[in-house]
Amino acid sequence: MLALLLALALGIALGLLTNISIPAALLTYLGVAVLAAIDACLGGVKAALEQTFDDKAFVSGFITNTLMAAFIVFVGDRIGVRELYLAAVVAFGVRVFDNLGTVRSLLFHRWGWE
Amino acid sequence: MGVVGELNPRRKLVHLRDESWRRIVESEKAVERSFQEGRLFVSLAAGMLLVGFLLVGQWRGYASLSSDLSRQSDQSLGIIIEEITAENSELRNEVLRLELRMLEAEREGIDRSEVLNEAAKELSGLRVMAGLSAASGPGVTIVIEDQEKVLLAQDFVALVHDLRAGGAEAISVDGKRVIGISGFAGEGGDLEMDGAALAHSHHVVALGSPSDLEQAVELPGGFVSTLSTFPGVTIEVSQEESLMVPAADTIQFIYGEPTTQ
Amino acid sequence: MANNLNRPALIVVIGVLGFLVAISFNTTKQLTTAHPERASDLASVVRDLENQRTELQERLADLRGDMDVLEAEAAEDAGISDSYSRELDQARQAAGLSGVTGPGVEILLGDGGDVAVDGDPNDYLIHDTDITAVVNALVAAGAEAVEINGERVVATTPIRCAGTTVLVNSARLGSPYVIRAVGDPGELEAAVADDPIASLLFTSYKAQYGLQAEVTEAEDIVIEPYKGTFRPQYLLSGQGGQG
C-alpha cells in the first residue's frame, strides 16, 4: 500500500521537476487519458485486493483504456462533435467511482473496520 | 477478522464475499440501532447542513453582476480584447512619439523651431479630428432614401455609433459635421441635427478605413440590415478614395468651463 | 498482508499515472503565465489588457504634461506664446482633452430588479441603445460636454454592447451608469423627459422592470477629459476651418 502511494508521489514529483509540458491543443487528450489511466489503476488495485490481479490483464487494460480514450477525443474533433470526449469522461468516471467504492469496502474489511 | 487458513484462491474469494455479506447484514442491524440512538440522525443532519451551505454558495456565485467577466461569452470577450488591444497599441505609439519628441527637443538646445514645427503638426491633426477644420481622405458614402419618412433620430444615432465603432475619424450627415456633442432630434420626416432640418434623402460621409467602415454598417443586425426592411427605405454604401467633410460650427462653452490639465 | 498489493506492474503504472498528471499541470501553468495570448482564460487576458491600458494612459498624461511645458517655453522664446497657447487650448477643449466643470445634470441608469417568471431578462438590463438615446437627447438640447462613468464622449466615441457590458471608447462599463452633462440644467432635464425613447426609461420601463433611472440637476458637475489619443490614420488635413 505504501509502495503504491510512494510510486504515485514519485511520478508526480518527477513530472513537476522535469517541467515537461505538451502543446495546448493536446490538453483534452491528456486529460481524458489520465482519467482512463486512473480507472485502469483503480481496477488494478481492486483486483489486487480481491486476489484476481493478473499482470498481463492489467497492463494491457491500462494501455487500451488510455488509447481508446485518446481515440474518442480524436474522433470527436474530426467529426465536429467536440463534446464527444464527455462520453469517455462519463464512462470512465462511473467506473472510477464504482471501483473506488469496492476498494474502500475491501480495504476497510482488510483493516478490520466496520 | 475471522481465521483464514491456506484456502485456495477461489475459495478465499468466496469466503471473502460471504464475509462481506455477513458484515452487510450486521451493519444493517447496527444502522437500526444507531438510528434509534440518534447517531445517524446527527450525521445526516450534518450532511444536509453541508449541502445547504454548498447550495447557497453556488446560488450566490451564479447571481453575480453583469460586469463580471467570467460570465461573458467568449465572443464578447473577444470583441473586448480586440478593442482594448487596438487602443493600447495606439496609446503605445503616442507614448513613443512623445518620448521621441522630448528627446529631440532636449537635444535641439537653443533652436526651438523643430519643437514648434512638430507642435504645429500635432495641433493641426487635433483640430481636424475635433471638428475645428475640414477633413479629407478615404472612407465611405452612405445614401439613404426615406420616401415614407419612417426614419427616427435614433436611427441616425445608431448609424453614427456603428461608423465610430468601425473607426470613423470624421463624419458628416447631409453636409454637417458630426462631433461628440452633435445630437439628432425630431421624427416622422422632420429630422434635424443640431437645429438644422435634414432632407428626406440623406447623404452621410465617413472618413476612415473604407473596408472597416463598410463592414461596420453592414454587420448582421446593424444599420443597413435593420433599416432596409422599413418601407420606402433604401440604403446604398460605397467606398471612396477621396472624400471631404466640412468643419463643425464653432464650439463654445457657455455653461461649462474647461479646466486646465 | 501487503504482498498482494505490491505488484511491480501496478507500482510502475501508478508511477506513470503520476507523471502524466504532472505533465498536465505543467502545460496548464505554462499557458496561463508565459503567453497571455494563448491563455485558456480569456477573462484574465481582458484584465491584463485593462491594466496595461491604465498604465499607458497615465504615462501618456505625464508625457503630455512635460511636452506642454517644453512647447510653452519654445513658444515664449519665439514670441508667439500667446497665440500658440490660445490655439492649443481651443483645440484641446473642442476635442475633449480638457475637463469641464459647470452646471448641468447627472443621470443614473441601472439594471432592474428580479426578472418575472415569464419575463425576458433583456428587458431588465440597461442597453447601449438606452444610453445613446439619453446622450443624444442631452447633446441635441445643447449639452457642452458629456461623460459616462468617467469616459468622455468625443467625436470618435462609439457606444456599443459586448455581451452584457457596454463599451464606451474602449472601456468596459457596467451597471449602474452615471451620465454627466454640462449645460442648462432645466433644458437638459426637459430634453430627456421629452425624448420619445429616452423618456420611457424614466416612466414605463422603470415602473415595469424596476430599472434605476434618476435625473438630478446640479450646479457643479465635473466632467473628465478624454484619456485616449487623436491620431488620424486616414485623414489628411483639409484646408479652411474656423479660427
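Glu55(C) is exposed, with a relative accessible area of 56%. This three-dimensional model is predicted, and Glu55(C) belongs to a negative surface patch that draws on both chain B and chain C. The points below begin with that patch, then turn to strand pairing in each chain, and end with backbone geometry.

**Negative surface patch**

- The patch is formed by Glu106(B) together with Glu55(C), Glu58(C), Asp62(C) and Asp66(C).
- Helix H2 of chain C, which covers residues 42-78, gives the most to this patch, with four residues, and Glu55(C) is found in that helix.
- Glu55(C) counts as exposed because its relative accessible area of 56% lies above the cut-off of 50%.

**Open sheet in chain B**

- Three strands of chain B form an open sheet in the order E4-E5-E6, with antiparallel pairing.
- Strand E4 (184-185) and strand E6 (196-197) of chain B stand at the edges and have a single partner strand each, so one side of each is left without a neighbour in the sheet.
- Strand E5 of chain B, residues 192-193, pairs with E4(B) in the antiparallel sense over two bridges, and within this pairing Glu192(B) in E5(B) is the bridge partner of Ala185(B).

- E2(C) pairs with strand E7 of chain C, residues 177-182, in the antiparallel sense over four bridges, and the partner of Ile148(C) in E7(C) is Ile179(C).
- E2(C) is also joined by two bridges to strand E3 of chain C, residues 151-152, again running antiparallel, and here Glu147(C) has Arg152(C) as its bridge partner in E3(C).
- E2(C) and E3(C) form a hairpin with two residues between them, and Asn149(C) lies in the turn.

**Backbone geometry in the loops**

- As background, most residues other than glycine have a negative phi, and most peptide bonds are trans.
- Asn149(C), in the loop between E2 and E3 of chain C, has a positive phi near 50° although the residue is not a glycine, and at 28% relative accessibility Asn149(C) counts as partly exposed.
- Asp174(B) likewise has a positive phi of about 50° without being a glycine; this residue is found in the loop between strand E2 (170-173) and strand E3 (176-178) of chain B, and its relative accessibility of 24% makes it partly exposed.
- The peptide bond from Ser175(C) to Pro176(C) is cis, with omega near -5°, and Pro176(C) has its place in the loop between strand E6 (171-173) and E7 of chain C.

**A buried loop residue in chain C**

- Ser98(C) is found in the loop between helix H3 (81-95) and strand E1 (99-110) of chain C.
- Ser98(C) counts as buried because its relative accessible area of 7% falls under the cut-off of 20%.
- The C-alpha atoms of Ser98(C) and Lys227(C) are separated by 9.6 Å, while the two residues are 129 residues apart along the chain.

Key. Residues are numbered from 1 along each chain as its sequence is written. Chains are lettered from A and ligands numbered from 1 in the order in which they are written. This is a predicted model: local features need pLDDT of at least 70, side-chain atom pairs count only at pLDDT 80 or more; totals for chains, interfaces and linings use all residues. Side-chain values use heavy atoms; hydrogens and water are left out. Patches are made of residues with over 30% relative accessible area and no salt bridge: like charges are joined within 9 Å, nonpolar side chains (Val, Leu, Ile, Met, Phe, Trp, Tyr) within 5 Å. Accessible areas come from the Shrake-Rupley method with a 1.4 Å probe; for residues, only the protein chains shown count as cover. A salt bridge is a side-chain nitrogen of Lys or Arg within 4 Å of a carboxyl oxygen of Asp or Glu. Lys and Arg count as positive and Asp and Glu as negative; His and the chain ends are not counted. The place of a charge is taken as NZ of Lys, CZ of Arg, CG of Asp or CD of Glu. Buried means under 20% relative accessible area, exposed over 50%, partly exposed in between (1.4 Å probe, protein chains only). Two strands pair if DSSP finds at least two bridges between them.
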